[in-house]
Amino acid sequence: MNLNLKNKKVFISGSTKGIGYETARLFLDEGALVIINGRTKSSVDDALSKLNNKNASGIITDFLDDFQVEKLIDEIPDDIDILINNVGIFRGKNFCDETKEDWYDHFKVNLMSGVKLSKYFLPKMIKKNWGRIIFISSECSTLVPGDLLSYSVSKASVSVFSSGLAKLTKGSNVTVNTIVPGSTLSEGSKEFLSETAKRENKTKEEVEESFFKDVRESSLISRFLTVGEVANTILYFSSTLSSGTNGASIRVDGGSMGSII
Ligand SMILES: NC(=O)c1ccc[n+]([C@@H]2O[C@H](COP(=O)([O-])OP(=O)(O)OC[C@H]3O[C@@H](n4cnc5c(N)ncnc54)[C@H](OP(=O)(O)O)[C@@H]3O)[C@@H](O)[C@H]2O)c1
């Protein structure tokens, strides 16, 4: 299968680690020109040296800082073909302990990063009559945990925004789709497994097993997804081969959400 991604210009927000990093790696394997992003020079430099590919470059931007986002929009090349709105933060807290800042921060990073970048790139993509905008939501937008309310609401808003944005592509070869991952073994999840295992004097395998028994019992694969499983899906829906799909939510959730579409 030829994804026709050679020389496509790609920007991936939040991509020094996890799903974003793996997506960058796969795009580079396909010959795309990829700009990665993270908050610090050291994390961006580390990721670039791991990627070790002349087609990779980086932009340091913290999406919590409006000034840095304006600067990013000034610096980033105009002719991005594929925008992956991947950056996402989550702070697990009881609702009553969540502060106003927790709510604002989740919306600023998880939703507004994609709103601002789409506002900049969508008209340019429409003008050249080709482009892909992908949003990364979460199974938490539907399977809402009581201790992840601001995260889950922000992710639901990402899905709604993406669906509405797709309407603006009517009659063009630009598509806007949402990828909805389930629990995925990114750096963050690995840390969670290790810390819980240590605290509960269990192995990581035991913690994973009880997570899928007690918290995500609806998961059909009953294990964490790999970052590669999510990134492969992102690549397909970024490619020319996916031209028939627009305004869709695509689940890579191991069956956890259980809906028929
Ligand atoms: N992992 C899961 O189980 C899961 C499930 C469903 C959905 N998702 C979604 O998938 C996406 C990727 O998650 P992940 O688990 O792969 O992430 P991750 O491993 O935690 O990596 C986070 C990435 O985002 C960057 N980042 C964090 N805050 C940032 C900010 N304010 N500005 C710019 N960059 C920032 C980090 O870069 P630096 O550290 O270099 O700044 C890092 O590259 C997120 O939208 C997440 O909500 C994840």
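**Close-up views of a predicted model**

**View 1. Thr 175 is a buried residue, with a relative accessible area of 4%.** Buried stands for under 20% relative accessible area, exposed for over 50% and partly exposed for values in between, using a 1.4 Å probe and protein chains only. The model is predicted, so local features need pLDDT of at least 70 and side-chain atom pairs count only at pLDDT 80 or more, while totals for chains, interfaces and linings use all residues. Residues are numbered from 1 along each chain as its sequence is written, and side-chain values use heavy atoms, with hydrogens and water left out. Thr 175 lies in strand β6 (residues 174–181); helices (H or I, at least four residues) and strands (E, at least two) are DSSP runs numbered from the N terminus. Leaving aside neighbours within four places in sequence, Thr 175 is in contact (heavy atoms within 4.5 Å) with Gly 131, Arg 132, Ile 133, Ser 243, Thr 245 and Asn 246.

View 2. Val 207, Phe 211 and Phe 212 of α7 are buried. At 1.5 Å a residue, the twelve residues of α7 should span 16 Å, in agreement with end C-alpha atoms 16 Å apart; the expected span is 1.5 Å times one less than the number of residues.

**View 3. Helix α3 (residues 66–75) crosses helix α4 (residues 100–128) at roughly 30 degrees, and their axes come within 11 Å.** Axes are lines fitted to C-alpha atoms, for helices over the stretch in contact, with angles from 0 to 180 degrees between N-to-C directions. The angle makes α3 roughly parallel to α4 (under 35 degrees; over 145 is roughly antiparallel, 65 to 115 roughly perpendicular and the rest oblique). Asp 66, Val 69, Leu 72 and Ile 73 of α3 make the contact with Lys 108, Lys 116, Leu 117 and Tyr 120 of α4.

**View 4. α4 packs against helix α5 (residues 149–167) at about 15 degrees, with axes 8 Å apart.** That angle makes α4 roughly parallel to α5. Residues that meet here include Trp 103, Phe 107 and Leu 111 in α4 and Tyr 151, Val 158 and Phe 161 in α5.
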